[in-house]
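Let's take a walk through this one together.

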Amino acid sequence: MFWNRWMSMKNKKLIIIISSIVLVLIVVAVIIILLVNKNKENNVESELGTTFLQLADNSYKYYYYMFGDINTSDGYVEINGNTYYAVDDENVISIAEFDDLLLNTFVAEAQVRLYDVEEKNEYIEINDNIYVKKMTNPCQQIKELDFGNLKFDGDDEKKLAMYDFTSTYIYREDGEWKLEYNIYQCESETEEVEE
């Protein structure tokens, strides 16, 4: 009888010890899974942030190319009564590079609209030299944007990017994130006076 009682107590202690070990292992596993998932989320946010900043940079290039006050030299060509001046600006890209930038930055729906604007700089390329016929009033200063507090909300196909007291949507198109529209504009003269 003593032996049975002792074995019964020993089994209960063994069951308690094994249950405690299993419980500790489950808690440790849950903590590890939560940390790994949080790390994955942070990496995805970081990658998305990097992608968005590249899209923003491309949007800036688009705006500068189309509406900026491009530096030119004295060289020029005349075609059909229009004078195009030689571009002397390291920030201007070739026409083919611009077309690629447009395709890789903006959703398909926006591309035609962004390219087909009335008042814009017009470019030609002759013998690997770029010439521009500047618009009447090119933008002297493009408004700067602050991406210091960049945040995202949305799903795997559409995200709202929030920054600088504004926001824009980015969409996954052909496996790549693209902007809904150009996010830059010219700094208005009234804003410059107020500052």
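Start at Asp57, which is partly exposed at 34% relative accessibility. Keep in mind as you look around that this is a predicted model. Asp57 has a partner: its side chain meets that of Lys61 in a salt bridge, 3.4 Å from N to O. Both residues sit in helix 1 (residues 2-67), 4 residues apart, or about one turn of the helix. That spacing makes sense, because an α-helix has 3.6 residues a turn, so residues three or four places apart point the same way. Lys61 also counts as partly exposed, again at 34% relative accessibility.

Together with Tyr64, Tyr65, Asn91, Val92 and Ile93, Lys61 lines the largest cavity. About 40 Å³ of space lies in there, and the count of cavities of 30 Å³ or more comes to 1. Sort the lining by residue type and you get 4 nonpolar, 1 polar and 1 charged.

Back to the salt bridges, of which there are 3. Lys134 pairs with Asp69, with the closest N and O atoms 2.7 Å apart. Lys134 is in the loop between strand 4 and strand 5, while Asp69 is in the loop between helix 1 and strand 1 (72-79), so this pair ties together parts that are 65 residues apart in sequence. Both ends are partly exposed: Lys134 has a relative accessible area of 31%, and Asp69 has 26%. Then there's Lys178, which forms a salt bridge with Glu173 at 3.7 Å between the closest N and O atoms. Lys178 is buried, with a relative accessible area of 8%.

What about covalent links? The structure holds 1 disulfide, formed by Cys139 and Cys186 with their sulfur atoms 2.2 Å apart. This pair links distant parts of the chain, 47 residues apart: Cys139 is in the loop between strand 4 (129-133) and strand 5 (151-154), and Cys186 in the loop between strand 8 (176-179) and helix 4 (189-194). The torsion about the S-S bond is about 100°, so the disulfide is right-handed. Cys139 is buried at 7% relative accessible area, whereas Cys186 is partly exposed at 31%.

Last stop: helix 2 (residues 95-105). Here Phe98, Leu101, Leu102 and Thr105 are buried. They cover an arc of only 95° around the axis, which puts them on the same side of helix 2.

Conventions
Residues numbered from 1 in each chain as written. Predicted model: local features only at pLDDT ≥ 70, side-chain atom pairs only at ≥ 80, totals over all residues. Heavy atoms only, no water. Buried < 20%, exposed > 50% of the residue type's maximum accessible area, 1.4 Å probe, protein only. Helix = DSSP H or I, 4+ residues; strand = E, 2+ residues; numbered from the N terminus. Arc of directions from axis to C-beta. Disulfide = S-S within 2.5 Å. 1 Å grid on protein atoms, 1.4 Å probe; cavity = no way out; pocket = protein on both sides within 12 Å on 5 of 7 lines; lining within 4 Å. Points joined across faces, edges and corners; volume = space filled by probe spheres on them. Nonpolar A, V, L, I, M, F, W, Y, C, P; charged D, E, K, R; others polar. Salt bridge = Lys/Arg side-chain N within 4 Å of Asp/Glu carboxyl O.
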